[in-house]
Every structure is written in structure tokens, then in C-alpha cells.
Amino acid sequence: MLKDITLGQFYPGDSLVHRLDPRVKLVLMVVYIAMVFLVEGFLGYLFLAAFLAVSAFLSRIRIKFLLRSIRPVLFIVVFTFVLNILFTRGDHPILEWGVLHITWEGVRFAVFMSLRLVFLLAGTSLLTLTTSPIALTDALERLLKPLNALHFPVHEMAMMMTIALRFIPTLLEETDKIMKAQTARGADFDTGNLLQRAKAMVPLLVPLFVGAFRRADELAMAMEARCYHGGRHRTRMKVLRVSRADGWACGATAATLLLILLERLL
Amino acid sequence: MSDIIRVQDVSYEYERADEQGELAVRGVSMRVKKGEWLSILGRNGSGKSTLIKLLNGLFLPTHGSVTVGNFDTRDENHIWDVRQTVGMIFQNPDNQIVATIVEEDVAFGLENLGVSPKEIRQRVDAALAAVRMSEYAAAAPHMLSGGQKQRVAIAGALAMEPDVLLMDEPTAMLDPGGRREVMETVERLHRERGLTVVLVTHFMEEALRGDRVIVMQDGRAILEGPPRELFAKEAEAICRAGLELPPMAELARRLRAKGLSVPGEPMTVEEMAAAFGALRRERRGKHAG
């Protein structure tokens, strides 16, 4: 059962959005998040919704998957909506009943705030759904390269992320094995109160940690045997190239940003 | 044949904080000739794994010297030349794969050497083809079998175009199918490319395939010679070193102890069958005459 886990929520595919340069996607995501916080007014939201809808359509990711990523934070969205409706002051009341004051301004603000959250989540999910964690790590390493000048260990961070990603399935498998071994000796992971269950995890975690350290030691040796000596003078097999599609994506994002800024200023 | 690795009177002591360290390797001298297949045999704790890690500078000798090609492993300026000359495969297939995609892992060593992307691509493809794993180029390592993972590891070493392949019990954690897969791959590379192989193992059948065997006991190299000769003549010393003879060699030894004169030195089942055939013909001949 632990064998078929997926890393992150990457949904493999070969759509236009999948094929965009991960660096471009990452930068555009930052711009997109800025847009979500800049947007004001009905038209702006419409532009942003259109932008998101077109991206989602081009990615061929099923709407179901996008909505699924929103579900865990649905509570926060609803909470934001209710709070904003109740506590925004305005001049055009709809309903006044005891301490409750619901105004037009409140409804408007609440809807927009909730939409902002939904757009934020759907947009970022679209990035992680269409880009493998390893491509993201790669993009991050290349984008942050200038930070090397400030002695920030960019390559080391990226290598650590890669190795972590590589060992997640291995360690999950090991957890499964240890769990079965301990269960066979009468360990009980499923009953009792929270404290008892946390205590039951100790005989699981100790061997897991010991194993992880042993693996780390062996891996370090294997990496050294293959001439690993940090990020200096290192080349990469995969060269990232900005394609025409990346140009179009940048153009579309810039246009949306412009429209949103225009509405905000006018 | 010229020597590619020279080990001169090497000792190695593990550093321990609490007590006096123990010598894992004691005064070993040996040579690896270019193009040969050398097996290093020994029970657990005999120092064979330590010895092999001395051959590519992962460990540096406490006494004595190890020379790979023209470089001493202690020479820090050439340590990467040493490790490029000598590729290494470890026992645990999981703990030597770095990347999350097979071809990226094969590329790892070349990326470290600063090879140009175009050339990396060519060499990775060639290495994967050489171990017959091309169709798994884009697979995730954790989805592969143990034998396949070891073949990926071999491809990773091969991409760096080494002269020697060091293998530290590469089949110890595999099932019989995976073991055969890996040994056949190594044998083919040895035969077709003249790749020098140094194989640490405790499977006698694997050692039989080689040109030469070194038997280790308590950190010393106690025996050395061609496997068949050694298994035939030094059966007792091998058993004293905590090893077992190949099953057919053991059978022949016991049959002889019971007074049956098994001809030749049969090591495999086929050879034993042939020996029995010869024995039967001989007896029939005697009765007839």
C-alpha cells in the first residue's frame, strides 16, 4: 500500500503547461500571487478568473483535482467569509437584527476575500500539479544561484531537497516493515488515547532514525565514490531552455497584471 | 599485463573514540592487473570490505600505500582522477542511488566531473544500454527491483568510463534472479570491454568465475591464486578461514574421503556429472577387461 504513493501532488502529463520551463512557471507564480493580492474590483476578479481558467484548461488537469486541493482549507475560506460579512462596517445595510449588521460592503468584501483565497490555492496547486518536485527543486536552484554571492548554500539546499525526495518512498517502505515487525511482537499502534499512541510510536521511530543515519552514512560514501564535491564546477545533464510557449505565458501574465493594475488605478 | 592498482603493505585502523582502535587490515600487499577479474573472499569481519574501500581512496591507509594508475590515493590533488579510474558498487542498492529518476542518477557522476550536458546525455544513454536498462531511463528508482537498481548503479559507474569496477558484495541483498541478472551484466562488461573487476563476495560460485582469488582472514590476505586451483589444493585453509567450498567441490572432497576416486576437480554440477560419467566408463572398462 505504501508502494504507490505519489510525491507531492504532481500529476504527470504532457500539456502545454506541463512543458513550460519550471523557472518561468515559478516566476510567473510569484507574479500571480502578487496579482491575487493586488486585484480590486469586479473586472479585476473577472480577468484573474479568466486567466486561471485558461491555464487550468491548457494544463488538462481535471477540475476535480484542482477542487480537491481547496478542500482542506475550505473551513478557513468559510470562516473568512463569515467573519468579513459580520464585521465589515458599511453604509448600505441589508439586514440589522440585534448585534448583527450585514451590509452590502460586507458581502462584497467577504466574497472577494474568499475568492482571493480560492484563487491563491487553485493557482499554486496548478503549479505543483503540473511540475514535478524535482523540476521545482531544479528551477529553484537555478533561480537562486545569484544568492551564492552572499554565501547562501543554494546548491547544498537543492541537493538536500533532492535526496529527501528520493528517500521518502524508501523510508516509508521501511516504516511499513518496522511497523509489521513490531506488530508481530505484540506492539499496538491503533488503540488507546493520544498519549498511549504517541508512546507506541517510540519503538517505531527509534529503529527508523537509526536506519536513516546508517543510510545517510552509506549514501555519503557512495556520493564521494562518484566524485561528488559540492556544487563547484558541476554541470547538469538537463539544460533548461526557454521556449516560445514560455514567451506566450509571460505575455499573458503581463497582460492580466496590466489590466488588474489599470482597474486599480482608474 | 600491467598493474592498475598496487597495494603495498597496507594496514588500516578504524578510529574509535573510546578505546584502542583495531586493525581491520594488517599488512596486505596485492596487485590488480589490467583486465583481470579478481575476487576477494572472506567471512564477515575479515577486512574485505575495508580493503576494497582502500582501493579508491574512500579510506586512506594508516600504514603503507595504495596506488591507482599513477596516483597515490593519499594525493588530494588527484583523488577525483583515482575515483574516476575506479568505479564502485556497494552492497545496498537503495543507499547508493541519489536522484529520483534513473537517468538523472546515472548522470550524477558525470555532472560532478563537470562534463558538458551534450556529452553527459550520450554517455548516460550508452551506459544504460550497456546494462540493458534503457527502457527504464525515466523510471523512479524505488519502483525497480533490487537487481535492476544494482544495474542502474553499475550504469552510473560505467558512465564515468572507469578502468576498474570495484564491487562490495553487490548481490548480497538480492534474490537469486537479481543475483544472476547482476553477475551476467558484470561478466558481459568484463568480456566485451575488458573492464577490470574486483569483486568482494562470500559466494564461492561467484568467485569461480574470476581469474584470481584472494582469501582474507583477520585482516590478512592468507591465500591467493586461480580459484579452481585454490579450491582444490587449499580446501582446509579455506574452511579454516570460515568459508565453505563450492557445493560440488565439497561433495568431491567428501566422496574422496569415503574412498571414491572422483577424477579431476569438479566445481559445478555439470562438471560433477561429467566426472561421474568418466568414473562409470572407467569401471565398466575394468569389469570388461
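**Exercise 1. An aromatic pair in chain A**

Why are A:Phe75 and A:Phe79 separated by about one helical turn?

Solution. The model is a predicted one.
- Step 1: locate the residues. Both lie in helix α5 of chain A, which covers residues 74-87.
- Step 2: count along the helix. A:Phe75 and A:Phe79 are 4 residues apart, so about one helical turn separates them.
- Step 3: describe the rings. A pair of aromatic rings is described by the distance of the centres and the angle of the planes. The structure holds 8 aromatic pairs over all chains. One of them is formed by A:Phe75 and A:Phe79, with 5.8 Å from centre to centre and 20 degrees between the planes.
- Step 4: classify the pair. Planes under 30 degrees apart count as stacked, and the pair of A:Phe75 and A:Phe79 is stacked.

**Exercise 2. The interface of chain A and chain B**

Find how many residues of chain A and of chain B are in contact, and what area the two chains bury between them.

Solution. 
- Step 1: take the residues. On the side of chain A 29 residues are in contact, and on the side of chain B 39 residues.
- Step 2: take the area. About 3200 Å² is buried between chain A and chain B, and 57% of it is on carbon and sulfur atoms. In chain A, the residues that lose the most area to chain B are A:Arg166, A:Arg226 and A:Met237, together 28% of what that side buries.
- Step 3: take the polar links. Between chain A and chain B there are 8 salt bridges and 16 residue pairs in polar contact. A salt bridge joins the side chains of B:Glu111 and A:Arg234, at 3.0 Å from N to O.
- Step 4: describe the side of chain A. Helices α8 (154-184) and α10 (202-225) of chain A each supply at least two residues of the side that touches chain B. By class, this side of chain A has 15 nonpolar, 5 polar and 9 charged residues.

**Exercise 3. The two domains of chain B**

Solution. 
- Step 1: take the area. The two domains of chain B bury about 770 Å² between them, with 68% of it on carbon and sulfur atoms.
- Step 2: find the salt bridge. The rule finds 1 salt bridge across this interface.

Methods: Residues are numbered from 1 along each chain as its sequence is written. Chains are lettered from A and ligands numbered from 1 in the order in which they are written. This is a predicted model: local features need pLDDT of at least 70, side-chain atom pairs count only at pLDDT 80 or more; totals for chains, interfaces and linings use all residues. Side-chain values use heavy atoms; hydrogens and water are left out. Buried area is the accessible area (1.4 Å probe) that two parts lose on being put together, summed over both. A salt bridge is a side-chain nitrogen of Lys or Arg within 4 Å of a carboxyl oxygen of Asp or Glu. Rings of Phe, Tyr and Trp (its six-membered ring) pair if their centres lie within 6.5 Å; planes under 30 degrees apart count as stacked, over 60 as edge-to-face and the rest as tilted. Contact means heavy atoms within 4.5 Å. A polar contact is a pair of N or O atoms within 3.5 Å; within protein, one must be able to donate a hydrogen and the other to accept it, and residues adjacent in sequence count only if both atoms are side-chain atoms. Ala, Val, Leu, Ile, Met, Phe, Trp, Tyr, Cys and Pro count as nonpolar, Asp, Glu, Lys and Arg as charged, and the others, Gly among them, as polar.
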